[in-house]
Amino acid sequence: TVEEGVEDAIKGEGEKEASKGNDQEVKDQNTSGSKTEDSATKANSGQDQEDEVPKLTWSKYDFVPGDKVIFEDNLVNEENGEFPSRWDLNQGNIEVANFGGENVIMLRGGSPTIVPYIKDSQNDYLPEVFTVEFDVYINTSTVDIYFWDRKNQKRASGDQNRLQVTYNHMRVFNASSYHPSKELKKRRWMHVSIAHTNGKLKTYMDDTRLINIPHLDFNPMGISIHYYSASDQNLLYIKNVRIAEGGIKYYDRILQDGKIVSNGIRFEIGKATLRPESMGVINEIYELLSEHPELKFSVDGHTDSDGDDAFNQKLSEERAETVMKTLVHLGISKDRLSSKGFGESKPIDTNGTAEGKANNRRVEFVKI
């Protein structure tokens, strides 16, 4: 009887140890996974881990916007019903409208085509390294992004140099096409991103890179947005258009300038809440810090001159802190990072143009 009791006791202790091991394994599994998703869940708003915040799901989003804005239109101060002031018309009917409580460019009938209103647009104004971004409320029709100005530039090699976008399809004519496998809503806001680097082209639909072309057979010269619509009843809306020039790789910038300047980290208007497309830049900074453990950064926030000085100062501090906390939650040691805000006190461009303001709204990673 004593021997049986001892055996039972030993067996019970073994089961406890096995249970503890299983519990630890489950705990480890639950705490693993996407670092970006963890950071987005806990640090997006710059608040403590206990706060409930929207979850970012762009963990594999590797798009990094160009660092010098060539053209930007966020439709601020545009009048409803008028033609958007920062654009030129090639054909069709286009007006500013209010959709969902915010200004949008409404493309109506007549197969509308618009081009950015840029000085000297007759010449090739796209550098070898550039990015294009915009939001489109997609429907069952298609929107085409031509890589030349259809009003002011002479087409070099036919009418096919374009990216075609539908609700579930991207296609670069004469090069590549892709259909996402997941089910997508036919009517929704979609973020379109395009990155060109010395003849290499990548295109993105929301959080997914769809097309990666190593060598284009044409030279992008400008941008036109075209929408085929047979009726005024089938409308398309776009907003937040930005064209930017790319730059040097992040590590090379640190060696050359001692800092990285990025206006690709975006926030909700007047808030310190990260927008999902910011994760491309933040992931790049995370990789840089992971590969170079000797690096330490001061995360510095800057705003444009719109609004109250005191508000901008506080906002820049909160935004810098949000980015710092996001990197910490990704896995970067807190003692390698600090944050500061400078408000509107250190502009790097004029505050008299939309492009200048976009360049001034930035986050800098300064080597310390």
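This is a predicted model: local features need pLDDT of at least 70, side-chain atom pairs count only at pLDDT 80 or more; totals for chains, interfaces and linings use all residues.
How do β5 and strand β14 pair, and over how many bridges? They pair in the antiparallel sense, over two bridges.

Strand β14 covers residues 224-227. The bridge partner of I114 in β14 is I225. On the other pairing of β5, strand β2, residues 87-91, runs antiparallel to β5 over four bridges. There, L89 has I114 as its bridge partner in β5.

The next strand to look at is β7, residues 143-146. V143 and I145 on one side are buried, and so are D144 and Y146 on the other, which leaves both faces covered. β7 runs antiparallel to β14, with four bridges joining them, and Y146 stands opposite S224 in β14. β7 is also joined to strand β8, residues 162-166, by four bridges, again antiparallel. In that pairing I145 stands opposite L163.

N139 lies in the loop between β6 and β7. Why does N139 count as buried? N139 is buried because its relative accessible area is 0%, and the cut-off for buried is under 20%. Leaving aside neighbours within four places in sequence, N139 is in contact with Y167, K186, R187, Y227, N234, L235 and L236. Y167 is 28 residues from N139 in sequence, yet their C-alpha atoms are 6.4 Å apart.

On to the other sheet. This is an open sheet of four strands, ordered β16-β19-β17-β18, with mixed pairing. β16, residues 259-262, and β18, residues 337-341, stand at the edges with a single partner strand each, so one side of each has no neighbour in the sheet. The twist from one strand to the next averages 15°. β16 and β19 pair in the antiparallel sense over four bridges, and V261 has E364 as its bridge partner in β19.

Two helices go with this sheet. α3 lies across β16, β17 and β19, and runs at about 125° to β16. α5 packs on the sheet and touches β17, β18 and β19, with its direction at about 165° to that of β18.

Which residues lie nearest the centre of the largest pocket? They are E72, N74, V76, I269 and R361, out of 43 lining residues. The space in this pocket is about 1200 Å³. The elements giving two or more residues to its lining are β1, β4, β15, β17, α5, α6 and β19. α5 gives the most, with five residues. By class, the lining has 10 nonpolar, 15 polar and 18 charged residues.

The second largest pocket has a volume of about 690 Å³. It is lined by 28 residues, and D62, V64, T197, K249 and E284 are the closest to its centre. Two or more lining residues come from each of β6, β11, β12, α3 and α4. Here the classes are 12 nonpolar, eight polar and eight charged.

Last, a residue in helix α6, E355. Is E355 buried or exposed? E355 counts as buried, because its relative accessibility is 13%. Apart from neighbours within four places in sequence, E355 is in contact with V69, I70, F71, E72 and R86. Of these contacts, E72 is also one of the residues nearest the centre of the largest pocket.

Key. Residues are numbered from 1 along each chain as its sequence is written. Side-chain values use heavy atoms; hydrogens and water are left out. Two strands pair if DSSP finds at least two bridges between them. Buried means under 20% relative accessible area, exposed over 50%, partly exposed in between (1.4 Å probe, protein chains only). On a 1 Å grid over the protein atoms alone, a cavity is a set of points where a 1.4 Å probe fits but cannot get out, and a pocket is an open set with protein on both sides within 12 Å along at least five of seven lines; lining residues have an atom within 4 Å of a point. Grid points are joined across faces, edges and corners, and a volume is the space filled by probe spheres set on the points. Ala, Val, Leu, Ile, Met, Phe, Trp, Tyr, Cys and Pro count as nonpolar, Asp, Glu, Lys and Arg as charged, and the others, Gly among them, as polar. Contact means heavy atoms within 4.5 Å. Axes are lines fitted to C-alpha atoms, for helices over the stretch in contact, and angles run from 0 to 180 degrees between N-to-C directions.
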